[in-house]
Amino acid sequence: MVKRFKTCCSSIKTSSSSSSSMRVVLLSVVIPLILLTSFLSFSLVSKRSFWGFSYTNPYSKTIKEGFSNETPIKNNSSSSSSSSVAQQQQLLHVQYTLNDNRPLKHRRRRWYWSDLGRLERGLQRARAAIKEAINGSRLKDPDYSPDGPIYWNAKVFHRSYLEMEKQFKIYVYKEGEVPLFHDGPCRMIYTIEGQFINKMEINTKFRTHNPHHAHAFFLPYSVTRMRHFLHDLRSFGRIVTDYVNIITAKHPHWNRSLGADHFILACHDWGPYSSFYVPELVRNSIRALCNANTSERFNPMKDVSIPEINIRGNKLEGLNTGGLPPSKRSILAFFAGGNHGPIRPILFKHWKRKDQDIQVYEYLPKGLSYIDLMRKSKYCLCPSGYEVASPRVVEALYNGCVPVLISKDYVPPFSDVLDWKTFSVTVPIEEIWELKKRLMGIPERQYKRMQKRVVQVKRHFELNSTPKRYDVFHMILHSIWLRRLNVRLW
């Protein structure tokens, strides 16, 4: 064999005619092999499967004018040493690979050609446009151009909202059956939960039926409906855990991000507790909650505070009439509601039927109208009850009454965009006894400015049967959009 090989080699060197024929043979073999290799590599990188992901903070510093801080995502993978764990948590980096032997070059190309890469490049362009809007000029909008001190930065909010309208897509998981899933209450105190679920189900602008085109994923279960059929938190936990397990088994998107691009929405008091049985829901996912209580693990950096709206009738229109002008409001402050929770007993102790200017009732006497009293009041007291949220905040805005927030550890709705200090008053629990002194100390000119801003900000809390731009439905979506911008996948 060796001799035969040497003979062939020597014959190739000596014979020019045979060498040219050999070159032709080699070219006819090598060129097809190169073309075949290139075709196979391109087909591999163009598939839709994703090789991995990571979490990084898109901004090096907090943008005060309208943005929340970067979302802290923790990696729970075990490590051999405490230093490596700390380093992983600091880098906020998690990776999965389909094939560990694949070269890094192909991994990068595979991300670049995937749907996830396309989505992330679009989000990166949105981040750049939003950051440029900080020092840019105002944009024209045919419906409404945000302006004024009620916003941390009106130009940033406007640009962010327009970017959301241009590209934000949400995939609603189809698993689950009515009444616990894909449905919710559309009346009474938890109406926002059912209204959002139902509107998201039929929405055509933001909803996509292709999960590969989605920036965020919605888990459409209703805590209020669960509470109607179940009576203990363990049953809640089992249902939510089983639902997430089904989603994880059927779809790759939860495992891709550990739930960081997924969100839930709940207005019931048990909403936060329903997520405690799935650790990734609390640590990573976006939770849109009425009960935005930081002492109960609400994280304003990644979670969303939504308003609690009480719809007593069957119609959504005609709820926000505005009330009397400031000069004709004869009542300084007004409240009527049940005596429950840790704060309201203190309020009743100091002010129940003790001052004509501060009208505080547990039950309204016959002949008095709750809405009429709000329309005649300058300030509407909004103390927390069993939980921190209260529907009186939105009722005050609807009736042109400046809300007075009396709570602890409460994050007001849309506070990443709205500056609540410009159109509301915050009174600590320790200062309830001098409530009248605080309100009387506000100059009349300042009160009129706040009341004018209440009328302006009211549009962001309006609930419409057909959603309108900048209303509460779109504001909730925008808050989720901001949290999604703060998480980067690759």
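Two strands count as paired if DSSP finds at least two bridges between them. With that in hand, here are the close-ups, all taken from a predicted model.

**View 1. Where E6 meets E8.** Three bridges join strands E6 and E8, and the two run parallel. E6 covers residues 331–336 and E8 covers residues 377–383. As for E8 itself, seven of its seven residues are buried, so the strand is largely enclosed by the rest of the structure.

**View 2. The open sheet from E7 to E10.** Five strands line up here in the order E7-E6-E8-E9-E10, with parallel pairing. At the edges sit E7 (358–361) and E10 (425–426), each pairing on one side only. E8 and E9 run parallel and are joined by five bridges; Leu 381 has Val 404 of E9 as its bridge partner. E9 (residues 402–406) then pairs with E10 over two bridges, again in the parallel sense. Val 404 turns up here too, with Val 425 of E10 as its bridge partner.

**View 3. Helices on the sheet.** Helix H13 (residues 344–351) lies across E6, E7 and E8, and runs at about 125 degrees to E7. Helix H17 (residues 444–457) packs on the sheet as well, touching E8, E9 and E10. The direction of H17 makes about 95 degrees with that of E9.

**View 4. H5 crossing H18.** The axes of helix H5 (residues 115–132) and helix H18 (residues 472–485) come within 11 Å and cross at roughly 105 degrees. That angle falls in the 65 to 115 range, so H5 and H18 are roughly perpendicular to each other. On the H5 side, the contact uses Glu 120, Leu 123, Ala 126, Arg 127 and Ile 130. H18 answers with Trp 481, Arg 484 and Leu 485. Sorted by class, the residues of this contact are five nonpolar, no polar and three charged.

**View 5. H6 against H18.** Helix H6 (residues 154–167) packs on H18 at an angle of about 95 degrees, with the axes 10 Å apart. H6 and H18 are therefore roughly perpendicular to each other. From H6, the contact takes in Phe 157, Ser 160, Tyr 161, Glu 163, Met 164 and Gln 167. From H18 come His 474, Met 475, Leu 477, His 478, Trp 481 and Leu 482. The class tally for H6 with H18 is seven nonpolar, four polar and one charged.

**View 6. The mostly covered helix H7.** Helix H7 (residues 191–202) has 12 residues and reaches 17 Å from first C-alpha to last, close to the 16 Å expected at 1.5 Å a residue. Nine of those 12 residues are buried, among them Ile 192, Glu 193, Phe 196, Ile 197 and Met 200. The cover over the buried residues includes strands E1 (170–172), E2 (216–218) and E3 (262–266), along with helices H8 and H18.

View 7. Thr 224 sits in helix H8 (residues 223–229). At 13% relative accessibility, Thr 224 counts as buried, since the cut-off is under 20%. Leaving aside residues up to four places away in sequence, Thr 224 touches Pro 185, Tyr 190, Glu 193 and His 268. Glu 193 is itself one of the buried residues of H7.

Key: Residues are numbered from 1 along each chain as its sequence is written. This is a predicted model: local features need pLDDT of at least 70, side-chain atom pairs count only at pLDDT 80 or more; totals for chains, interfaces and linings use all residues. Side-chain values use heavy atoms; hydrogens and water are left out. Axes are lines fitted to C-alpha atoms, for helices over the stretch in contact, and angles run from 0 to 180 degrees between N-to-C directions. Helices (H or I, at least four residues) and strands (E, at least two) are DSSP runs, numbered from the N terminus. Angles under 35 degrees count as roughly parallel, over 145 as roughly antiparallel, 65 to 115 as roughly perpendicular and the rest as oblique. Contact means heavy atoms within 4.5 Å. Ala, Val, Leu, Ile, Met, Phe, Trp, Tyr, Cys and Pro count as nonpolar, Asp, Glu, Lys and Arg as charged, and the others, Gly among them, as polar. Buried means under 20% relative accessible area, exposed over 50%, partly exposed in between (1.4 Å probe, protein chains only). The expected span of a helix is 1.5 Å times one less than its number of residues.
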